[in-house]
Amino acid sequence: MLKCRTVWKKLAPLARASSTVCRQNVRRTALTNGRIPSSAPAAHMSTGPAGGIGPNQIYALVFGTACLGGGIYAYRMIKGDKQRYQERIDEIESRKHKDKKESDTTIQSEPPAVEAPVTEAVPEPEPQAAPSAEETSPPAPDAEVAAPSETTETPPGVDSEPASSKIPSHTPYLLIGGGTASFAAARSIRARDPGARVLIVTDEPDLPYMRPPLSKELWFSDDPSVTETLRFKQWNGKERSIYFQPASFYITADELNSAENGGVAVLTGKKVVHMDVRGNKVKLDDDTEISYDKCLIATGGVPRNLQVIERAGDEVMAKTTLFRKIDDFKSLDKVSRNIQSITIIGGGFLGSELACALGRRSNESGLEVIQMYPEKGNMGKVLPEYLSNWTTEKVKKEGVKIISEALVKSVTCKDDKLEIQLKDGRLVKTDHIVAAVGLEPNVDLAKSAGLEVDSDFGGFRVNAELQARSNIWVAGDAACFYDIRLGRRRVEHHDHAVVSGRLAGENMTGANKPYWHQSMFWSDLGPDVGYEAIGIVDSSLPTVGVFAKATAKDTPKAATEKSGTGIRSESETEETATSPVASSLPPPAVVQHKDDYGKGVIFYLRDKVVVGIILWNVFNRMPIARKIIKDGEEHADLNEVAKLFNIHED
């Protein structure tokens, strides 16, 4: 361009001179023509000799030639500059690839740790537990999020190696947390964007897994190595793994950016400690920084503890389990086999499930199992009093000693025994304590990220699309969302983690869908008694219960045999109920006797509108319950509504 400008400066005076001469000649011609008679032939009206080329044509030709030459020269210069620029860019790119290739060659030239052929720069970690003799194939990519692969391979926790090369500096999709919500989001992202590169960062040493079996089926396994294999038989007899997918499903973190078709990588044993929202990056506990395009926070929660236990000192804490993770299951299983007495503090879902599981073990080993809680009966904050009392008797039959209306005053350790002093003067001696008193949402990143935490329910406040910021989403236990029917809520159950994670993943790929799903939850007191619930189930609300006599088909075991699933929410999260067909049988009567609480429906009311429903030993009817709550109508006779669930049909 500079050369073009120089040429133009040289040609400009000549062009201006030519233009001036042309104008002067035109004037002379006009004057001359004015003196020529009008009868003169047109051929003699030129200023030059007849048939010749005048000076004005010469100057015009020179001017045109100069302009044409300048334009051609400028065009060639611009085209040459573009070509040289592209060659320079190609040279830089080829230099990057060359450096990368040399780096890979250097890594490959290093001697391997074991004497085996090395085909990759960084080999994939091997399973820690001994795998089965049968080799398994990778699972289908469209497998359900809640259904782990039916394989004999035991995916271990991936050892977090200290090699910084494993951690990519950038990822398009960053998922913080390795639980159900995070895995559901990863599968959803890959379903909508098959070439997506997804990085999951979890502080646990294990690959993504489901938590419900930790307090349910795993305790009823006959396999003595269940704590190593983490495989169990469902109530329907089918065997499955606690992990969503085996290790072969994932790619390593260092392969993430180079994988042709993308994939899902998991960084285990790494914790995100700081989040820079403006800079779109996070910092890990080893000071490694990872930038992202879009991020999901699915940090779940941490188990609460009693303050009296926290203040009691390290000796008491060493004999206390806060149950949440795989390591907690393994630890409690080992402890329960080597002590004489164990006390579970808490009468909610987790406390009651663990009490029943350990109570059944007590019949074989002589272990004393004690459950204490401040309510009058098991599940006292959820179930109406009559059903809570019935549940308490059921738990007692499992070999559990119940101490109700118990408020812990202090805990001390004497002679290698824990002494629990209650506020009413009662004293309980035990070898070990399991504190099952609720969950605290993990919002540690809120301060550094500047994200809002709900003051009433806890958790990150999100909008209807589960967004906390334009490129940050929250799902699972840590999300405080707005329920279009029941108001702002925070839910701590498996089904909510699956559905909210799935929706967050869809919205991260541009779906822009609102969260309207009414999540359900379930609890089993062994294979014979279980219930499913939806909405607000609070025993302080007015309730109406309609019950019928149970049959052999009305158990969690029978329900899983019929549906073919072990996690009952799998079979209903995608279903909808539009026009339920009521039973033609006569309206049932509200049952009053505890011996008849075999199966039934409990309605929870607020301002005469159903806001919550429990299906007691009634299974595969959740879409109907979801529709009743979604409609938000007043019902004059709930006995008629109960007919929709066909509880009187054998």
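This is a predicted model: local features need pLDDT of at least 70, side-chain atom pairs count only at pLDDT 80 or more; totals for chains, interfaces and linings use all residues.
1. Ground rules. Local features need pLDDT of at least 70 and side-chain atom pairs count only at pLDDT 80 or more, while totals for chains, interfaces and linings use all residues. Residues are numbered from 1 along each chain as its sequence is written, and side-chain values use heavy atoms, without hydrogens and water.

2. Helix pair. The axes (lines fitted to C-alpha atoms over the stretch in contact, with angles from 0 to 180 degrees between N-to-C directions) of helix 3 (residues 180-192) and helix 11 (residues 494-508) come within 7 Å and cross at roughly 35°. Helices here are DSSP runs of H or I with at least four residues, and strands are E runs of at least two, numbered from the N terminus. Contact, meaning heavy atoms within 4.5 Å, involves residues including Ala 184 and Ser 188 of helix 3 and Gly 501 and Gly 505 of helix 11.

3. Main core. A nonpolar core is a set of buried (under 20% relative accessible area, 1.4 Å probe, protein chains only) Ala, Val, Leu, Ile, Met, Phe, Trp, Tyr and Cys residues joined through side-chain atoms within 4.5 Å. The largest has 129 residues, with Ile 613 and Phe 645 having the most contacts inside it. Strand 28 (residues 609-616) contributes the most, 6 residues.

4. An open sheet of 3 strands runs in the order 19-22-23 with mixed pairing. Strand 19 and strand 22 (residues 479-483) pair (at least two DSSP bridges) in the parallel sense over 2 bridges, and Phe 460 stands opposite Ala 479.

Definitions and conventions: Buried means under 20% relative accessible area, exposed over 50%, partly exposed in between (1.4 Å probe, protein chains only).
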